[in-house]
Amino acid sequence: MSPDTQDEGGRELDVRVGFGLFASEDQLGSLLSIARRVDVEVGQVLYSRGDPMTTLFQVVGGNVELQAPDVPTWRVDDRGAVGLIDFAIGRSYTRAAVATAPSQLLELDAADYRDYLEDNYEVGHRILSQMSGRLIADMIASPDPAHFLARTADHERRWVAEVEIPLVERLIIFSRMPAFLGTSMQALANLAQNAVERRFTPGDVIATAGTDPGTVSLLVEGTVDLGLPNGPVRRGGRDFVAHLEELALGPRLTTATCATDAIVLQLDRDDLIDRIEEHFDLAMTLLAFVAMEQERVNDATPTGRCRVA
């Protein structure tokens, strides 16, 4: 085997292990066409704070720190992503990325990666699901889960009567929810039209721990308690019923029980995936929402070690 062949084989292995977010060999080939293997020395700056967001990195081996004045330093070790938060939110780099050990990285042009996600909506959904699942587990395991999961109740009660919420009002509700801020009106209209309205009374269970989340539930009115190992956390306002758990795959970690009368709009998960396929802006809006939550978790992690930065 020639050195070039060995290098190419090593890069393919790095992409398979480092990313692992492709559903077909064609998608792997697309990733290989835009991923470059780079080796960096201790102290090398990958990018500086305030620079335009142009490049993402996947750490294959080594360590990279994300540094900025007056904020916690983040540390990404083997198999972590660097620059993904800024990419997802669509902003300049907010921290400088510096190698703190000899490191092996996969480098991706941000514009190429965006095109890759737009062409492969399944990959975008898998990224959303994996990040959400890891984050909700980290939030629950943190010393203060309520810091991430509690949400103040919205005391405005407009739809207590047994009258179905009109489509126009549904559209307004979706447009004001944190996860959908910035989504196009056409995508929001599709979501609002396909959502199923459900009403609950105190003590009703909306979702049960251990079950697969086939639906995504959004709280319109009322309050719910999320059952956690150290006691329930209350959520109100207009937001996901179980926060990022609504976007994760696999068995639920929490049980959501109504503390008051509640109105919930529910989306079939497959329908949400269809909307992501049709509207790339929806995928990027949801990814930005998850990235902002990742940022909160990173800042609250005492060790500074994170999977995504």
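At what angle do helix α5 (residues 121–141) and α10 pack, and how far apart are their axes? The two helices pack at an angle of about 25 degrees, and their axes are 10 Å apart; axes here are lines fitted to C-alpha atoms, for helices over the stretch in contact, with angles running from 0 to 180 degrees between N-to-C directions. That angle makes α5 roughly parallel to α10, since angles under 35 degrees count as roughly parallel, over 145 as roughly antiparallel, 65 to 115 as roughly perpendicular and the rest as oblique. The model is a predicted one, in which local features need pLDDT of at least 70 and side-chain atom pairs count only at pLDDT 80 or more, while totals for chains, interfaces and linings use all residues. Residues are numbered from 1 along each chain as its sequence is written, and side-chain values use heavy atoms, with hydrogens and water left out.

The chain as a whole has 10 helices and 16 strands. These elements are DSSP runs numbered from the N terminus, helices being H or I of at least four residues and strands E of at least two. Of its 309 residues, 51% count as buried, where buried means under 20% relative accessible area, exposed over 50%, and partly exposed in between (1.4 Å probe, protein chains only). Among contacts in the chain with a separation of 6 or more, residues 24 or more positions apart account for 75%; a contact means heavy atoms within 4.5 Å.

The pairing of α5 with α10 can now be followed in more detail. The crossing of these two helices is left-handed, a term that applies if the near helix is turned anticlockwise from the far one by less than a right angle, whereas clockwise gives a right-handed crossing. On the α5 side the contact is made by Ile127, Leu128, Met131, Ser132, Leu135, Asp138 and Met139, and on the α10 side by Ala283, Leu286, Leu287, Val290, Ala291, Glu293, Gln294 and Val297. By class, the residues of this contact divide into 11 nonpolar, two polar and two charged. In this division Ala, Val, Leu, Ile, Met, Phe, Trp, Tyr, Cys and Pro count as nonpolar, Asp, Glu, Lys and Arg as charged, and the others, Gly among them, as polar.

Leu287 lies in helix α10 (residues 280–300) and counts as buried because its relative accessibility is 5%. Apart from neighbours within four places in sequence, Leu287 is in contact with Ala88, Ile127, Leu128 and Met131. The C-alpha atoms of Leu287 and Met131 are separated by 9.1 Å, although the two residues are 156 residues apart along the chain.

The crossing of α7 past α8 is right-handed. Leu167, Arg170, Leu171, Phe174 and Ser175 in α7 meet Met185, Leu188, Ala189, Leu191, Ala192 and Gln193 in α8. This contact of α7 with α8 has eight nonpolar, two polar and one charged residues.

Arg95 lies in the loop between α3 (84–89) and β7 (96–99), and with a relative accessibility of 6% Arg95 counts as buried. The side chains of Arg95 and Asp299 are joined by a polar contact of 3.0 Å, and the Arg95 side chain also reaches the backbone oxygen of Pro72 at 3.1 Å. A polar contact is a pair of N or O atoms within 3.5 Å; within protein, one must be able to donate a hydrogen and the other to accept it, and residues adjacent in sequence count only if both atoms are side-chain atoms. Not counting residues up to four places away in sequence, Arg95 touches a set of residues including Tyr47, Leu66, Trp74 and Glu295.

Asp225, in strand β12 (residues 224–226), is buried, with a relative accessible area of 19%. The side chain of Asp225 makes a polar contact of 2.8 Å with the side chain of Arg234.

Two loop residues other than glycine have positive phi values. Asp70, in the loop between β4 (64–67) and β5 (74–76), has phi near 65 degrees and is exposed, with a relative accessible area of 84%. His243, in the loop between β14 (239–240) and β15 (256–258), has phi near 55 degrees but counts as buried at 4% relative accessibility.
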